[in-house]
Amino acid sequence: MSQDSKTLNAAIAVTRFGMGARPGEIDRVGADPRGWLEAQIRPSGAPVAEGPFPSSDDQVRAYLAYRQVSQDRRIPRREAGAASQPEAPEALEGMAMQGPAEPSPADPRRESRQALTRTANAAFLARARLGATTPDGFAERWALFWANHFTASATKFQSAIFLDAYEREAIRPHVFGRFETLTLAAEQHPAMLLYLDQAQSIGPNSLAGQRRNAGLNENLAREILELHTVGSAAGYSQADVTEFARALTGWSIPAPRDGAGAGPGRGRARVGAVAAGRNGFVYRPAVHEPGARTVLGRPYPETGLGQGEAILKDLANHPETGRRLARKIAVHFVADDPPPGLVTALERAWTTSGGDLAGVARALVAAPEAWGPAPAKIKTPYEFVVSAHRAFGSEPRQPQPLRQALVAMGQVPLSPPSPEGWPDTAADWAGPDALVKRLDWARTAAALVPDVGPSDVALSALGPRLGERTRLAVARAESRPEALTLFLMSPEFQRR
Amino acid sequence: MTRSLDLTRRLLLGASAAGVSLAFAGRAGAQSAAGPRNKLVVVIARGAMDGLSVVVPTNDPDYRPLRAALAIEDSLALSDGFGLHPALAGLHALHGQGQMRFAPAVAIPVRVRSHFDAQDVLENGGEGLRSQTDGWLNRALAATGGLKGLSIGAQTPLILRGASPTSSWSPGGRTGAEDRLASLLQDLYVEDPLLAGNLAAGLQTEAQAMATGGETRLGRNDVAGLGQAVARLMTGPDGADVVALSIDGWDTHVRQVGQLQARLTGLDQVVSGLRTGLGESWSRTVMVIATEFGRTARANGTAGTDHGTGSALLLAGGALKPGGMIGDWPTLAEPRLFEGRDLAPTLDVRSVFKGVLRDHLGVDRAALDDRVFPTSGAEAPTLSGLV
């Protein structure tokens, strides 16, 4: 292999598999890009941002305190559904109308709420800084892929406050372990249990269900089947969704009265014995729908918490799950319409390893189809901003400008619009308005960069991927900001 | 729409069947038509809007028992035994003026309860999942030849994706098409048609927004202001004729009442903002408000509802023909519920879309049945009398 093609592979490794090149990084990766990638596949998982940030146990306590404050201040309202503040009225997709409408000032509820949000913003900034500085760009993007696959979203306040802990505790440690383990950790985390309404689902024939008029919520069960594991190709029915939802009843988060034994009054049925798990998960037998269940034709005896777990494990290990995920990985890393050979190789690695994600990651790195020289993917706004920082050797320092930039480009931080997560194709990210907003941001960013040589930046960030047209345009620009803007907006930098 | 125009379109459609691209072949015909063009705004309510709370079946004896605490008790009276959610006061006033109509029980042609699959079908205009990779509104643009399409938000929704070039816009842009950088970037993008075409379209729309609205700085919850800004982009000789707008957040599994209040208030403000902003163009405007599916007829155990089937569709605009309910009411009687849990649809949502496209934008019937909504002729006949 010639020196040039080695460097080209280094440039591909750092941009297509990683988060973009920092100055000198392509040269450092130089001779052994595959070795560089494989060295990041570690049993301990992907790195986490520097903290300290609160654990989900801390956040559960803070959340319960917040709920207490809210309840104390609640004005009785006629509507049954007004029991809590309506969700943020950020009605219009893609608009800069994020965030809940805050109650009036000097409101303890607001203060409590803001404290929870501050942590989330700080943690998001820390994660972006990790992305901008990490030497393990592949592990970082692999982790982001899985965090997006198991989407929990800040569009719901309740889940928003757990998102940082979620990614840190449930996703990153498991992204190079078995998919089954990752799945279980994700589905039992408070972020997911609250985002998909599982924490409040009650078996109608459970002890708690018989005592009050409450019942099943099938949201989590449906999205696990549809999005997280087998997908619609497995041909599950509404009955499968309902059965799975029944099996999952009892999966919840702590309540104020937990641990104090059965208290008086209406809380009694809800409390009962509570089995606590990791990361703030609890299992409430008194809420669990009793009985054997059947999902996708397979019977599951009544084993309490174990029943839902058994179904989840079978779904995680279902052949359709491997098939879906093989394609989704190929789409994310290589092309919107990925080479069939790559998908096959990933599916084979998945199947033969029993869903060992380290093995799947190695298969991705080993596949020749993943190394085609022509970049096909458009960077997401987050990838664009983080890779721009990497190119400049800088890192984001304030949460608000980062947030504003991502909102404008259509990727509100931590707030994918649906449980399907962020979309992943050029058509999603390179629309007319999105490109205008990218250009706006690029101009701002280029004007703020301290004295750097634009041609050097372009060459260092793109290596042999820098085309002649872009090289000339950068060299001939009339000012440094103009040159850097052209570099950031060039096809080579917009794609990976 | 005049007869001669219609004939012109027929000829062009013939040409397209012979392999000539409609997007370009049609341009001359429609663009040269004298006089102001009709406007269409399609609002997609993402997340499955609860039709039973929007168009409330006040006379249906099963409504209250099924809905319990979720039942809307103070709805604003419509015709035919229905009421409108009280947050939709603006739309209700339009109904009083003959400028708002409702279809209480529509659905897409396939029965799925997945948001994403159902949104794809709602927007691709086909009969099933992934049956089309582009959107029906984009194909309708092709069939009209030369009408200008615009979506609001950084991302173009599937309904407007496809071969016909469209633009998109959201508040906050600062760069116009006349900019020196814009032309330098066009040089950089000569071998990347996606980036070249989309950036050019985006900059052109941004320039237009600046020209019509100056420095548009909308407050983050100024939904009415957004409606007015969109309306400005729809006026003038370069104004968009067909607009797609997404409003999300309708997935009300828990504590539905408060969430719906907020979402519907926003929706009502969008409509009133558009109406104000469009001025005299409102008389040539139709708005369609549709969602991917409805929610369960019964309240669930968490003061919300789960994924269902039939939902309501709303039409508004000065170009509407006054009238009552569109389609039939299946009732909420237990045996009439779809799969024992959902409002049963009585009308294919495509029939409404087709009625609007034919009578408002002049899309030819053959194009509607074969291209815009492929093989829909028998299953979803075009509704008459809407416009």
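Trainee: How many residues of chain A are in contact with the 70 residues of chain B?
Mentor: This is a predicted model, in which local features need pLDDT of at least 70 and side-chain atom pairs count only at pLDDT 80 or more, while totals for chains, interfaces and linings use all residues. Residues are numbered from 1 along each chain as its sequence is written, chains are lettered from A and ligands numbered from 1 in the order in which they are written, and side-chain values use heavy atoms, leaving out hydrogens and water. Contact means heavy atoms within 4.5 Å. By that rule, the 70 residues of chain B touch a set in chain A that numbers 74.

Trainee: What area is buried between chain B and chain A?
Mentor: Buried area is the accessible area (1.4 Å probe) that two parts lose on being put together, summed over both. Carbon and sulfur atoms give 56% of the area between chain B and chain A. The total is about 6000 Å².

Trainee: Which residue of chain A forms a salt bridge with Asp192(B)?
Mentor: A salt bridge here is a side-chain nitrogen of Lys or Arg within 4 Å of a carboxyl oxygen of Asp or Glu. The rule finds six of them across the interface of chain B and chain A. For Asp192(B), the closest N and O atoms are 2.7 Å apart, and the partner is Arg495(A).

Trainee: How many residues apart are Asp136(A) and Arg42(A)?
Mentor: Over all chains the structure holds 46 salt bridges, and the side chains of Asp136(A) and Arg42(A) meet in a salt bridge at 3.1 Å, N to O. This pair links distant parts of the chain, with Asp136(A) in the loop between H5 and helix H6 (137–149) and Arg42(A) in the loop between helix H3 (33–38) and helix H4 (56–73) of chain A. Helices (H or I, at least four residues) and strands (E, at least two) are DSSP runs numbered from the N terminus.

Trainee: Is H17(A) roughly parallel or roughly antiparallel to H18(A)?
Mentor: Axes are lines fitted to C-alpha atoms, for helices over the stretch in contact, and angles run from 0 to 180 degrees between N-to-C directions. Helix H17 (residues 340–353) and helix H18 (residues 357–366) of chain A have axes 8 Å apart and pack at an angle of about 155 degrees. That makes H17(A) and H18(A) roughly antiparallel.

Trainee: How many nonpolar residues are in the contact of H17(A) with H18(A)?
Mentor: Leu342(A), Ala345(A), Leu346(A), Ala349(A) and Trp350(A) of H17(A) make the contact with Leu357(A), Gly359(A), Val360(A), Ala363(A) and Leu364(A) of H18(A). Ala, Val, Leu, Ile, Met, Phe, Trp, Tyr, Cys and Pro count as nonpolar, Asp, Glu, Lys and Arg as charged, and the others, Gly among them, as polar. One residue is polar and none is charged, and the nonpolar ones number nine.

Trainee: What is the relation of H5(A) to H19(A)?
Mentor: The axes of helix H5 (residues 108–133) and helix H19 (residues 381–392) of chain A come within 8 Å and cross at roughly 55 degrees. Angles under 35 degrees count as roughly parallel, over 145 as roughly antiparallel, 65 to 115 as roughly perpendicular and the rest as oblique. That makes the relation of H5(A) to H19(A) oblique.

Trainee: How many charged residues does the contact of H12(A) with H13(A) have?
Mentor: Leu220(A), Ala221(A), Arg222(A), Ile224(A) and Leu225(A) in H12(A) meet Gln238(A), Asp240(A), Val241(A), Phe244(A), Ala245(A) and Leu248(A) in H13(A). By class, eight are nonpolar and one is polar, and the charged residues number two.

Trainee: Which residue is joined to Gly51(A) by a cis peptide bond?
Mentor: Most peptide bonds are trans. Here omega is about 5 degrees.
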